[in-house]
Structures are given as C-alpha cells and as structure tokens.
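Here is a walk through a two-chain model, one piece at a time. Keep the viewer open and follow along.

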Amino acid sequence: MFVDKGPAFQQLAAKIADEIVAGTYPEGTAVPSATDFAVFHQMNPATASKGVNLLVEMGALYKKRGIGMFVAAGARDLLRSQRREEFRKQYMEPLLREARVLEIDVAELHHMIDEHEEDET
Amino acid sequence: MTNAIEIQSATRTFGRTTALDGVSFAVPEGSICGLLGRNGAGKTTIMSIIAGQDRPTSGRVEVLGHRPFENESVLSRISFVRDNQRYPDNYRLGHVLRIAPEFAPNWNADVAAELVEGFRIPTRTDIKKFSRGQLSSVAIVLGLASRAAVTLLDEPYLGLDVTARALFHDMLLRDYTAHPRTVLLSTHLIEESEKLFDRVVVVDRGRVRVDSDVDEARDLAFTLSGTTAAVDELARRHTVLRSHTVSGLKSVTVLGAADDAVRADADGLGARLAPASLQDLVAAFGEEGSEPIEEGARA
C-alpha cells in the first residue's frame, strides 16, 4: 500500500487529501487523529504525524488544542487547485508518452477521448 | 532527543569469527527501528549485547544511559526474546505467562490475554511441541505484554500466518501509542514491516551499512534498468552496489540520490530510473563486496 510512490508520510497526506476532496471529511469537521491513522494503516505513529502535519502546513487542516484536527474552510478548493496542477504531470505526460509509443497522433487521441466520454454518459 | 540505545565501536569475536566489526549506531527514545540484514549479518548478536546477555569484546553499549551487562536496574526495563528461545521441557503457555511478570515489572495481563486469544496459542500443549509460528506468537506475547522501555523483537514474524502478522502490527501500534517505548525489530519481511519503522539500521557481515531515518533511506540508492549499453553508460559515474544482467538488458542499484542530471541522461538513453526500495537497498548491501555508506550519508 505504501511502497514505491514517495515516502509513507506523503502517501498518507495524499490519502487524507483525497478524502477531503471527495467530501468524506467535510470542511469544519474533525478528521481522525494521527494515532488513529497510524493504527488503521499499520504505520509508524511519527510518520503518520508527519503526514497530517503536511496538511496542516498547507492550510488544509488545523489543530484545535486539546480537541483534535479539523478540516479548514476552503480546504477542498485549495486541494483541488493543487491537484489540477498535478494533473498535467501525473496523467497528461504519461498519456502522451504512451500515445507516442503506440503512434496514436493527437487528432486520434482527441477522438478517443470524445468517444470515451460519449460511452460514459 | 535522548538515545535509548547507544552502541559505539562494538566488536564481538567468537574464536576466529568476527560477528560484529566496529558497530556504532544509536536508537532515539520512542523510536521503532528496523534492524535489517542477511542471515549471519550480526542482528541477533547486536540484540544480545543490547539485552546484556552478551558483552562486546571491545567497544561500548549503553541502554537508557547505563551499561546493561549484569545491571539489574536496566535489565528489568529491557525485553528480549530470541528467535530460538528455549523453554523448560514440561512448560505450557500458562507456566510462561505466570513466570513472565517476575521479569517484567510493567507486565500487562490484558495485552497478553488479547494476543493469546488472537494468535490462538494452544494452552494444553507442551511448548516444546509448538510449531514455528506458535513459538513466534509466544515471543510476541512476551515482547509486547512486558511493556518494557526497550523492547527487542528478533524475527517476530517467523512462521506467522497473515492474520497473525496483522494482529501483531495492530497490537504493537495500539499499545505503543498508549505506552510509548523504544522498539528494535529485526526481520527479513521488509516490505511488510517497513511502514512500522521511523529508523532503519542495515547490517552486513558484522558492520553497519546504513543508519538512517526511514524517509531519508529512500535517497540512499536508486536503480537503473534498460539496455546493457545504456545502463553501463549511466552507471559509470556512480558506485554500483548490485547489478543484474539478462541477454542485453541490465539493472543496477547504485549509491546516492538521483539528481536531475542523471534523470535527464536516463531519459535520453531510454533507461528507466526508479528509487531503490528499502528491500532493494538491503539486498544490494547483502551482496559481496559492497562498501559501507560513510558518515555523510547518515542521518
């Protein structure tokens, strides 16, 4: 689960971010503690804290002293805009690279996307 | 941060065999540290020395600020069950659980009971008839229920089924967060256990090869794979730890962090570059002739 894609603390942060974007943890509500995440994902508690703190530093989560960790207002938009930037790197680049290998030109690629979109809807 | 375990230049010889050759590393208080390496690398000898069951021929070992050997006040705060722990012939589980608190002042019977039930350890069978997995289960019960400030787990997974391994992880983390302690765990099941660790120490042939924060260990080596010509060209400027060739294709594990220059070169030559996993790293250091990572690479 945590192998081969960046350090474990970043993977945990990405996972929590996914849940915030998906609306599992709505803005203003509490998220599980770093300890809970550690036990749930069977990972080192210090590593889990590091992952949670990454989101605190980004402003997606905030600490209420003595109570716990909460999703900040605007966290969804914040994380979504960040992911839009990553979209190019994570999806567009490999897509175009593979298309080149398979000799699929851009026009054909456009067509494939349109076709797929129609099938989905 | 204070260190729970400190080993300085420890050497241990048995006759003409050098089991430990100038071993130095420290484990900070509260760390869960993986001790990794091949069979015969020196892992159990290191643990015996930390547990005060053995003394280095030369060098120094301190646990919780004191030398452990014949030091009762420190020994009562250390838990160590060897991977080949023997029990008296007629012992059953009940005997072990009755006597364990004598050696472990923080013994917690609830933790022990939960593990015994979860592992399904037989209570009516002599321990000498236990399977490998059942012996491992007993060792984990002793290790975790002791709640010792320094807990040494030597190959805790041997023979354990997948359910039992998950139970072990779960209990270790739950009890650790409620009662923090320092854990040193040796294992060959690296991929399965690495996310438990915040530090790793890799030993080979009695010497420390890696002593690092687990996140930083990712930058200690990377792998290059592609055509032999491309990989040879790329690897020229790096220290190769391990290489693997099959008809025109080659894969090497090299020392150091991959920088943008080597990424660009690899791209240009059509070779694939990937970070070395902890498992790759341990395998690479376990091969003949690999050199230790020097101070600069240490955390």
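This is a predicted model: local features need pLDDT of at least 70, side-chain atom pairs count only at pLDDT 80 or more; totals for chains, interfaces and linings use all residues.

Arg86(B) sits in the loop that runs between strand S5 (78–81) and helix H3 (93–103) of chain B. Along the chain, Arg86(B) is 41 residues from Thr45(B), and the C-alpha atoms of the two are separated by 17 Å.

Now try a loop in chain A. Is Ser33(A) buried, partly exposed or exposed? With 16 other C-beta atoms within 10 Å, Ser33(A) falls in the partly exposed class. You'll find Ser33(A) in the loop between strand S1 (30–31) and helix H2 (34–40) of chain A. If you skip its neighbours within four places in sequence, Ser33(A) touches Gly68(A) and Met69(A). Between Ser33(A) and Ala73(A) there are 19 Å, C-alpha to C-alpha, for a sequence separation of 40 residues.

**The sheet of chain A**

Chain A has an open sheet of 3 strands, ordered S1-S3-S2, and the pairing is antiparallel. The edges are taken by S1 and strand S2 (61–64) of chain A; each has a single partner strand, so one side of each has no neighbour in the sheet. S1(A) pairs with strand S3 (residues 68–71) of chain A over 2 bridges, and Ala30(A) has Phe70(A) in S3(A) as its bridge partner.

**Two crossing helices**

Two packed helices are described by the angle between their axes and the distance between the axes. For helix H1 (residues 8–22) and helix H4 (residues 75–101) of chain A, the angle is about 115° and the axes are 9 Å apart. The crossing of H1(A) and H4(A) is left-handed. H1(A) brings Ala17(A), Ile20(A) and Val21(A) to the contact, while H4(A) brings Ala75(A), Arg76(A), Leu79(A), Arg80(A) and Arg83(A). By type, the residues in this contact of H1(A) with H4(A) are 5 nonpolar, no polar and 3 charged.

**Where the chains meet**

How many residues does each chain put into the contact? Chain A gives 15 residues and chain B gives 15 residues. On the side of chain A that touches chain B, H1, H2 and helix H3 (45–58) each supply at least two residues. That side of chain A is made up of 10 nonpolar, 4 polar and 1 charged residues.

The buried residues of H6(B) are Ala164(B), Phe168(B), Met171(B), Leu172(B), Leu173(B), Asp175(B) and Tyr176(B). Their cover includes H2 and H3 of chain A, along with strand S3 (32–36), helix H4 (109–119), helix H5 (132–145) and strand S7 (182–186) of chain B. There's also a quick geometry check to run: H6 (residues 162–178) of chain B has 17 residues, so at 1.5 Å a residue it should span 24 Å, and its end C-alpha atoms are 25 Å apart, which agrees.

**Strand pairs in chain B**

| Strands | Bridges | Facing residues |
|---|---|---|
| S1(B) (residues 3–14) and S2(B) (residues 17–28) | 8 bridges | Asn3(B) and Pro28(B) |
| S1(B) and S4(B) (residues 58–63) | 5 bridges | Thr11(B) and Ser58(B) |
| S11(B) and S12(B) (residues 249–255) | 6 bridges | His244(B) and Ser251(B) |

Two hairpins are worth a look. The one formed by S1(B) and S2(B) has 2 residues between the strands, and Gly15(B) there takes a positive phi near 60°. In the hairpin of S11(B) and S12(B), also with 2 residues between the strands, Ser247(B) has a positive phi near 20°. Another facing pair across S11(B) and S12(B) is Ser243(B) with Val252(B).

Zooming out, S11(B) and S12(B) belong to an open sheet of 4 strands in the order S11-S12-S10-S13, with antiparallel pairing. Strand S11 (240–246) and strand S13 (272–275) of chain B are the edge strands, each pairing on one side only. From one strand to the next, the twist averages 15°.

Technical notes: Residues are numbered from 1 along each chain as its sequence is written. Chains are lettered from A and ligands numbered from 1 in the order in which they are written. A residue is buried if 20 or more other C-beta atoms lie within 10 Å of its own, exposed if 12 or fewer, and partly exposed in between; C-beta atoms are placed from the backbone. Two residues are in contact if their C-beta atoms, placed from the backbone, lie within 7 Å. Axes are lines fitted to C-alpha atoms, for helices over the stretch in contact, and angles run from 0 to 180 degrees between N-to-C directions. A crossing is left-handed if the near helix is turned anticlockwise from the far one by less than a right angle, and right-handed if clockwise. Ala, Val, Leu, Ile, Met, Phe, Trp, Tyr, Cys and Pro count as nonpolar, Asp, Glu, Lys and Arg as charged, and the others, Gly among them, as polar. Two strands pair if DSSP finds at least two bridges between them. The expected span of a helix is 1.5 Å times one less than its number of residues.
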